[in-house]
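Okay, thanks for coming, everyone. Let me put the structure up and walk you through a few places in it.

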Amino acid sequence: MAAVTKEQVGGFLARQGILVAFAVFMVGFTLANQRFVDPDNILGVIRSSAILGVMALGVTFVVISGNLDLSVGSMMSFSTIVVLDLHDKIGPALAIPAMFAMTLCLGAFIGFLVGYLKLNSLIVTLGMLSAIHGLTLTYSGGQNMDIADKEGTWFDFFGQGSALGIPVPILIFVLLAAVLGVVLSKTPFGRKVYAVGGNGTAATFSGIRRARVVFTCYLISAFCVATAGLLQASRSLGSQNTVGQGLELEVLAAVILGGASLLGGSGTIFKTVIGVLILGFIQNGLLLVGLQFYVQYVVTWIIIILAVWLDIAAKRGKLWSPIA
Amino acid sequence: MKPGMLSNFLKRGAIWGFIALELIFFTVAGEYLSLSEKAFMDVDNMLLLFKQSAPIGIIAMGMTIIMINGNIDLSVGAIYAICAIVLLDSMTWPIFAGLGDMVIPVAWVLALLAGVALGALNGLIVWKTGVDAFIVTLGSMLGYRGLVFMYNGEQPTSHLNWTLVDFAEAQFLGLHTATWFLLIVTAAIWFLMNRTVHGRNAYAIGDNREAAVNAGIRVGPHMMINFMIIGFLAALSAVVFYSESGSVNPNDGELYELWVITAVVLGGTKLTGGAGSIISTFGGVLAIQLLRKGLAHIGADTETVNLVIGLILIVVLFLDRQLNIKGKEELKV
């Protein structure tokens, strides 16, 4: 048997570190509290991670294409408020497609600004974060939105129902992850997303229409946000205007945790799902161990930095940065 | 005329032109729409404007040098909240019980030290690990906010010291205490960036890091000092604001990073580093505060402010890019 060198172990840890960390956490929490591996608990965690997860799927596309999307949180508030409002006005069957159309318009607007006008995505989506928040408040007049007849509607199916014994949010999350995973890894469009994010100039010279790819990525992100808004609205059947506030950064944290580089060109849907699950299980595990809810933020902070650090340390072959 | 001079002039003057437009618009519109009898350009109103600009403005000065240096700091809102808690809570600690009003400078120093330490931690991680500042401060934004909540749960932390409130509400030469702090910070940071070696190196690093390294500039320490400065300024902003209000919620300072970055970008500082001006950031801060006050003055809902500021930010970005393209084309000729 060939001897395993220290470098190989280090390299493996750095490359697959996030999976190793995930496994260590799972074992640790299981030892600390048996209830952690209870199927009900696991399903519960995945179910409550589904909303964050669905949004993270779309943001993965945007990040791989070399851009950022900070507007997903306030866009999610927007779609939640809109679908709840329209539910009572035109009925759920029309409200859902109408909400999707409105959210996709917002996504198209951002995609136009970043893709075709080539504006900096950080600032554009920062501006849109604020603008969409204002739009939501103007739409709702600052009021909380509630469905009048909470008993007599089938609208709660998406957030609270279950099919084949599995909660619907999980089904939607898994289905969307599978479809988008195939789109990203098995289709020409997916290759183009990586190409644009990896080297935009080279992609343009090889005949890829960069603007169109970026535009489509923001459309996908908006679609995912609309789905998340639907899940959120259907789960609670009522909402504040700020329901998605701050989610953009948690979503980004999950995507980064999954190993996508903010410079673009790397990351996969599968790893993003792992990133989402890590965040969800850590939150749950810390609670079961008996720690305060807020400890998860501090743990997340440490994990994000360690994950990204190990990732780039493996690429450059040195632990400490070469910055003098 | 030298090539690029026109676009440079336009860019430098843009924010002041924008402020002038805002003043004219709100004065005229206020005549017809405002419910208040007072004019918008009322002296008291303008003094209040400066005072209300201070919390965002003081942090924005730090964000300008961070962005000139080619980094970004998303954790300022959380640092602001932590320092506010340190300020208010330390005044009630038993070990300081015998100090009387001398507890005030002690609490100030503690809060400012906390800010510097948190900023230094950010800077050290960016320097030593080589992880992008965006990710590092995104993480610490969550982490620091977690610390805030762990300290006192969701309860507000309150302590009113009337000597302190009197000081914070005082006016000196007609200007409020907070305004003085904003002006002094602006002057100090302007001096730092334009008249010291550290400032010149910060521009150099942001403009071209490779070249800066080759010229023998040590990139790491400069970045770390800048993160300590923004930590200090976030703390100072908290000290100035909470000396007067005396009560801090664990959510306070949330989204401050967005307001601050908006102000800095409105002032024309580039996210890519190497360019930016402290005076223009001061203009950006005033422009945002004018917009908030002006919209309230003409009776628009507060929510409209978010919409308008978001769209203005995008328009500014677009115009700025058009001007830059023009500048480059002129250079070619």
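Let's start with Pro92(A), which sits in helix 5 of chain A. Keep in mind that this is a predicted model. Is Pro92(A) partly exposed or buried? Buried takes 20 or more C-beta neighbours within 10 Å, and Pro92(A) has 19 inside 10 Å, so it counts as partly exposed. Setting aside residues within four places in sequence, its contacts are His87(A), Thr153(A), Trp154(A) and Phe155(A). Take Trp154(A): it is 62 residues from Pro92(A) in sequence, yet their C-alpha atoms are 8.2 Å apart in space.

Follow the chain along and you get to Lys118(A), in the loop between helix 5 (92–116) and helix 6 of chain A. Most residues other than glycine have a negative phi. Lys118(A) isn't a glycine, but its phi is positive, about 55°. It has 13 C-beta neighbours inside 10 Å, so it counts as partly exposed.

Now for the record. An unreviewed UniProt entry annotates several stretches of chain A as "transmembrane region", including 94–116 and 122–142. How do those two look in the model? Residues 94–116 of chain A are 100% helix and 0% strand, with the end C-alpha atoms 32 Å apart. For residues 122–142 of chain A it's 90% helix and 0% strand, and the end C-alpha atoms are 27 Å apart.

On to where the two chains meet. Chain A puts 40 residues into the contact and chain B puts in 44. Which elements of chain A give two or more residues to its side? Those are helix 6 (121–140), helix 12 (247–257) and helix 14 (295–316) of chain A. The largest share, 14 residues, comes from helix 6 of chain A. By class, the side of chain A that touches chain B has 30 nonpolar residues, 10 polar and no charged.

Next, a pair of helices. In chain A, the axes of helix 8 (residues 168–186) and helix 9 (residues 188–198) come within 5 Å and cross at roughly 70°. Helix 8 and helix 9 of chain A are therefore roughly perpendicular to each other. Helix 8 of chain A brings Val183(A), Leu184(A), Ser185(A) and Lys186(A) to that contact, while helix 9 of chain A brings Phe189(A), Gly190(A) and Val193(A). That contact comes out as 4 nonpolar, 2 polar and 1 charged residues.

Staying on helix 9 of chain A, its buried residues are Lys192(A), Val193(A), Tyr194(A), Ala195(A), Val196(A) and Gly197(A). What covers them? The cover includes helix 3 (39–64), helix 8, helix 10 (200–205) and helix 11 (210–236) of chain A.

Now the largest nonpolar core, which has 203 residues. The ones with the most contacts inside it are Met55(A), Cys83(B) and Ala111(B). Helix 10 (residues 219–245) of chain B gives the most to this core, with 17 residues. If you zoom in on Cys83(B), its contacts beyond four places in sequence include Ala111(B), Ala114(B) and Val239(B).

Last stop: His176(B), in strand 3 (residues 175–176) of chain B. His176(B) has 21 C-beta neighbours inside 10 Å, so it counts as buried. Not counting residues up to four places away in sequence, it touches Leu47(B), Lys51(B) and Gln171(B). Leu147(B), on the other hand, is 29 residues from His176(B) in sequence and 32 Å away in space, C-alpha to C-alpha.

Terms used. Residues numbered from 1 in each chain as written. Chains lettered and ligands numbered in written order. Predicted model: local features only at pLDDT ≥ 70, side-chain atom pairs only at ≥ 80, totals over all residues. UniProt positions renumbered as here; feature names shortened; annotations may be inferred. Helix = DSSP H or I, 4+ residues; strand = E, 2+ residues; numbered from the N terminus. Axes fitted to C-alpha atoms, helices over the stretch in contact; angles between N-to-C directions. Parallel < 35°, antiparallel > 145°, perpendicular 65-115°, else oblique. Contact = placed C-beta atoms within 7 Å. Nonpolar A, V, L, I, M, F, W, Y, C, P; charged D, E, K, R; others polar. Buried ≥ 20, exposed ≤ 12 C-beta atoms within 10 Å, placed from the backbone. Core = buried A, V, L, I, M, F, W, Y, C linked by C-beta atoms within 7 Å.
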